[in-house]
Amino acid sequence: MPSPALGTDVGVVHRATDRLLALQERDGSWRDYDLEPGRSDAWITAVAGTCLASVFPEDERVHAACARAAAFLEAERRAAGWGYNRNAACDADTTSWVVRFLAQRDRISRADAESLLRPFFDAEGRAHTFNAARFGSWAHAHEDVTPNAGLALLAAGVPVEQLRTLRETHLAVFRPGTGWTSFWWSSDSYANALSLEFLDASGGIPDPVRHGLVLPEGDPPSAFEAAQRLTVRTLLGLDPGDEIAWLHAAQLPDGSWSGAPVLRVPDQSDGARYSEHADTSAILTTGLVIRALRGGRTPPGSVGECDRSARS
């Protein structure tokens, strides 16, 4: 079991885990948000499952819940992967989260993961949330999706050497000071946390990034933001005490953290216009918080016993 971040009260994580387990639907899914296509199921299930399996891979209750979630996701699979829900087209980010989750449980092959995600990449190694021009700005390359797709491929056993172009392309768009830009989220801290996790897993965080990223100051505006800042600090080896203390104080009596309207849904014809939405059941927020409190990365050995690097 991974160690909690320095100063974390383990009881905080256990209460949050109990809350997530209680929110799982009878069909094995987790559902949250309320957008035009309805509530999200595949995306939220994959995020919640990934976070829980990362934090407590050997907990019997978590194991059983994740087995039900995996069965739900396998039943919901379409030819192109997975989407926000059945009413939405398949997208790279949801498919990446599902691949990460199924890979943790050794329920997807390297070849399968590559075939699902390859159509979302361009020749430069950038991931596009959607791969059809009709989606407008949603089909552009997105800096908060590319590292997640890279993490999914790594989780499925794709050798680091094969992701060199993806890594170099993503490093090339790093901006000293702000880092990477989020398209789907109100804060760049999300893109930065995922990017650092990918770099850490694919060869290490280069010094120009490690020393060139300027971290936000002051209290975070939401638990979601606090989780991203905590993950960034943990991956950079910095003292995460302020974020941990803030999250301890902000935990609700039911074990969750309040969702906030940080998910952006940009206008397809003009990505600069957008609406913002909160996870009304706080499933995504709570999952990302407990994962951040437990270290912000998938621990080695939690992705199954077989050597997936040998798969073709």
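Predicted model: local features only at pLDDT ≥ 70, side-chain atom pairs only at ≥ 80, totals over all residues.
Local features here need pLDDT of at least 70, side-chain atom pairs count only at pLDDT 80 or more, and totals for chains, interfaces and linings use all residues. Residues are numbered from 1 along each chain as its sequence is written, and side-chain values use heavy atoms, with hydrogens and water left out.

Me: How many of the 14 residues of α8 are buried?
Reply: Helices are DSSP runs (H or I, at least four residues) numbered from the N terminus, and α8 spans residues 188-201. Buried means under 20% relative accessible area (1.4 Å probe, protein chains only). Helix α8 is largely enclosed by the rest of the structure, because its buried residues number 11 of 14.

Me: Which residue caps the N-terminal end of α8?
Reply: The cap places a side-chain oxygen 3.0 Å from the backbone nitrogen of serine 189. That oxygen belongs to serine 187.

Me: What is the relative accessible area of threonine 146?
Reply: Threonine 146 lies in helix α6 (residues 146-155). Its contacts (heavy atoms within 4.5 Å), leaving aside neighbours within four places in sequence, are Gly125, Arg126, Ala127, Leu166 and His170. Threonine 146 is buried, with a relative accessible area of 4%.

Definitions and conventions
Helix = DSSP H or I, 4+ residues; strand = E, 2+ residues; numbered from the N terminus. Buried < 20%, exposed > 50% of the residue type's maximum accessible area, 1.4 Å probe, protein only. Expected span 1.5 Å × (residues − 1). Polar contact = N/O pair within 3.5 Å; in protein donor to acceptor, adjacent residues only side chain to side chain.
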